[in-house]
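Thanks for coming, everyone. I have one model to show today, and I'll keep it short. Here it is.

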Amino acid sequence: MAVVPDSPPAPRGGAVALALLLVYVVWGSTYLGISKALQAGVLPLTSVSGARFIIAGSLMYVVLRLFRKLPRPTLRQWRNLAVMGFAMLLLGNGMVVLAERDVSSGLAATAVASVPLWMALFSALRGQHASRGEWLGIAIGFFGVVWLNAGSSLAASPTGLVLLLVAPVGWAFGSVWVRGQDLPGPFMTAAGQMICGGVLLVITGLAVGERPTSLPGIDGLLAVAYLCVFGSIVAFTAYVWLLHNVRPALAGSYAYVNPVIAVLLGALLNGERFGWRDMVAMAVILAGVLVLTLARTRR
């Protein structure tokens with residue numbers, strides 16, 4: 001029985017640095033990829049999220065079973081993978097994709113930057129009490145979240161606002177809940193979670209009325225392919241590996257790098273523009289996450 005330890009042994013620094021780089025840069029670019037796919041007419045839940053996770057997860061699963069000879073997950077492990085898929089992929093990724101129909105990719109990434117704050121709160125509920133510095137970071141970050149939701153252009157999109165409140169909560173809950181659970185190794189965990197989450201996303205998409213009527217253009221297919229290979233297989237696997245090997249605060253630190261990359265790419269390649277309230281809210285959120293991370297590093 002493989003159980004994710006609460007205090008894993010320290011992995012090699014080079015491996016941690018590479019995994020963080022992949023999560024930082026690749027995930028920062030996926031917000032633009034999602035926007036491009038939606039602009040090309042790709043269905044949000046069944047295709048942009050669901051189908052690509054099923055394809056990516058299935059490819060990884062086949063490789064791990066046939067070439068790495070890893071054992072298949074147990075029934076209990078599949079149950080845990082389904083919970084992770086529901087929280088992190090259906091609620092987390094799926095709600096971001098739906099939100100990007102109404103808000104810019106950079107603004108969506110800024111809202112998701114609150115993930116480490118929610119992770120800290122869920123960790124505190126599990127008995128990992130926060131220090132004064134950590135609570136200061138949480139307070140600063142949530143002030144930025146309130147500012148973003150109430151004072152920025154996000155307030156003009158009630159649907160996008162609600163979706164971008166649900167998404168980071170779901171992702172953070174899954175990221176904290178996973179620690180100490182009965183799971184296979186990190187790569188099989190990534191594959192199984194993507195399969196489970198992808199199936200849940202497709203079912204949800206069909207339930208709300210998504211029906212493919214025609215193939216999207218080449219731009220949409222390329223965007224989905226990029227999300228499948230880099231966003232799902234490469235970066236998501238790196239993130240799951242980080243969850244197994246480093247503390248949640250470091251694993252969640254991508255959240256204050258992704259928005260910067262997403263905003264820059266959105267402005268340069270997608271013509272997105274942001275008001276001063278959006279930029280100030282992003283700066284406050286990132287400052288809160290930075291204070292939280294530094295406090296946990298000292299601790």
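Let me start with a question: how many of the 11 residues of helix H5 (residues 115-125) are buried? The count is 8, so H5 is mostly covered. Buried here means under 20% relative accessible area, exposed means over 50%, and partly exposed is in between, with a 1.4 Å probe and protein chains only. The buried residues of H5 are Val115, Pro116, Leu117, Met119, Ala120, Phe122, Ser123 and Ala124. Just after H5 comes Gly127, with a positive phi of about 100°.

A word on where this comes from. The model is predicted; local features need pLDDT of at least 70, side-chain atom pairs count only at pLDDT 80 or more, and totals for chains, interfaces and linings use all residues. Residues are numbered from 1 along each chain as its sequence is written, and side-chain values use heavy atoms, with hydrogens and water left out.

Now the overall fold. The protein has 12 helices and 0 strands. Helices (H or I, at least four residues) and strands (E, at least two) are DSSP runs, numbered from the N terminus. The radius of gyration is 18 Å, close to the 19 Å that the globule rule gives for 299 residues, so the protein is as compact as a globular protein of that length. That radius is taken over C-alpha atoms, and the rule is 2.2 Å times the number of residues to the power 0.38. Along the principal axes, the C-alpha atoms fill a box of roughly 55 × 55 × 35 Å.

Next, packing and surface. Of the 299 residues, 54% count as buried. Take the contacts (heavy atoms within 4.5 Å) between residues at least 6 apart in sequence: 91% of them join residues at least 24 apart. The accessible surface is about 13,000 Å², and carbon and sulfur atoms hold 70% of it. Those areas come from the Shrake-Rupley method with a 1.4 Å probe; for residues, only the protein chains shown count as cover.

Ser35 gives a local view. Ser35 sits in helix H1 (residues 13-39). Its relative accessibility is 8%, so Ser35 counts as buried. Which residues does Ser35 contact, leaving aside neighbours within four places in sequence? They are Glu100, Ser105, Asn270 and Glu272.

On to the loop between H2 and H3. Lys69 lies in that loop. Lys69 is not a glycine, yet has a positive phi of about 60°. For background, most residues other than glycine have a negative phi. Is Lys69 buried or exposed? Exposed, with a relative accessible area of 63%. Thr74 is also placed in the loop between helix H2 (44-66) and helix H3 (75-99). Thr74 is partly exposed, at 39%. Its C-alpha atom is separated by 22 Å from that of Leu201, 127 residues apart along the chain.

Last, the cysteines. How many disulfides does a search of the whole structure find? It finds 0. The cut-off for a disulfide is a pair of cysteine sulfur atoms within 2.5 Å. Cys196 is in no disulfide, and the nearest cysteine sulfur, that of Cys228, is 16 Å away. Cys196 is buried, with a relative accessible area of 14%. Cys228 is in no disulfide either. Cys228 is buried too, at 9%.

That's my set; over to you.
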